[in-house]
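Have the structure open as you read.

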Amino acid sequence: MENQGVTADPQLQQFIEIESQKQRFQQLVHQMTEVCWEKCMDKPGPKLDSRTEVCFVNCVERFIDTSQFILNRLEQTQRSKTSFTESMTD
């Protein structure tokens with residue numbers, strides 16, 4: 001079958017993007033849970049002690065900060081590449 005330059009349905013593209021974002025979010029939550037569980041949970045029990053709870057809160061906050069920093073850095077890098085490419089074609 002030959003591709004004749006048919007563009008995808010905008011609603012389908014939006015649906016795919018939303019589902020991709022959901023999947024990335026779920027992957028981040030899974031990764032964060034795994035990292036923080038390994039770091040903070042010494043001995044599972046019926047309740048979290050205050051030290052473990054504080055550890056989890058700090059771990060999640062640092063994970064979110066790091067993820068946001070990386071995302072911002074990637075966006076800056078992408079914008080720089082786009083600006084450079086556009087200036088080369090002008």
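The side chains of Thr-52 and Asp-49 are joined by a polar contact of 2.5 Å. Please keep in mind that this is a predicted model. Thr-52 itself sits in helix H2, which covers residues 50–89. Is Thr-52 buried or exposed? With a relative accessibility of 6%, Thr-52 counts as buried, because the cut-off for buried is under 20%. If you set aside the neighbours within four places in sequence, Thr-52 is in contact with Cys-40 and Met-41.

**An aromatic pair**

How many aromatic pairs does the structure hold? There is one aromatic pair in the structure. Its partners are Trp-37 and Phe-56, with 6.2 Å from centre to centre and 45° between the planes, and the pair is tilted. Trp-37 belongs to helix H1 and Phe-56 to helix H2, so the pair links distant parts of the chain, 19 residues apart. Trp-37 is partly exposed at 40% relative accessibility, whereas Phe-56 is buried, with a relative accessible area of 17%.

**Another residue of H1**

Gln-31 also lies in helix H1. With a relative accessible area of 42%, Gln-31 is partly exposed. In sequence, Gln-31 and Phe-63 are 32 residues apart, while their C-alpha atoms are 9.4 Å apart in space.

Here are the accessibility values side by side.

| Residue | Relative accessibility | Class |
|---|---|---|
| Thr-52 | 6% | buried |
| Phe-56 | 17% | buried |
| Trp-37 | 40% | partly exposed |
| Gln-31 | 42% | partly exposed |

**The largest pocket**

Now for the empty space. Rolling a probe the size of a water molecule over the atoms shows where such space is left. The largest pocket has a volume of about 410 Å³. Its lining is made up of 14 residues, and those nearest the centre are Arg-24, Phe-25, Leu-28, Ser-67 and Leu-71.

Which helix gives the most to the lining of the largest pocket? That is H1, with eight residues. Helix H1 spans residues 10–40, and H1 and H2 each supply at least two residues of this lining. Sorted by class, the lining of the largest pocket has eight nonpolar residues, five polar and one charged.

Terms used. Residues are numbered from 1 along each chain as its sequence is written. This is a predicted model: local features need pLDDT of at least 70, side-chain atom pairs count only at pLDDT 80 or more; totals for chains, interfaces and linings use all residues. Side-chain values use heavy atoms; hydrogens and water are left out. Helices (H or I, at least four residues) and strands (E, at least two) are DSSP runs, numbered from the N terminus. Buried means under 20% relative accessible area, exposed over 50%, partly exposed in between (1.4 Å probe, protein chains only). A polar contact is a pair of N or O atoms within 3.5 Å; within protein, one must be able to donate a hydrogen and the other to accept it, and residues adjacent in sequence count only if both atoms are side-chain atoms. Contact means heavy atoms within 4.5 Å. On a 1 Å grid over the protein atoms alone, a cavity is a set of points where a 1.4 Å probe fits but cannot get out, and a pocket is an open set with protein on both sides within 12 Å along at least five of seven lines; lining residues have an atom within 4 Å of a point. Grid points are joined across faces, edges and corners, and a volume is the space filled by probe spheres set on the points. Ala, Val, Leu, Ile, Met, Phe, Trp, Tyr, Cys and Pro count as nonpolar, Asp, Glu, Lys and Arg as charged, and the others, Gly among them, as polar. Rings of Phe, Tyr and Trp (its six-membered ring) pair if their centres lie within 6.5 Å; planes under 30 degrees apart count as stacked, over 60 as edge-to-face and the rest as tilted.
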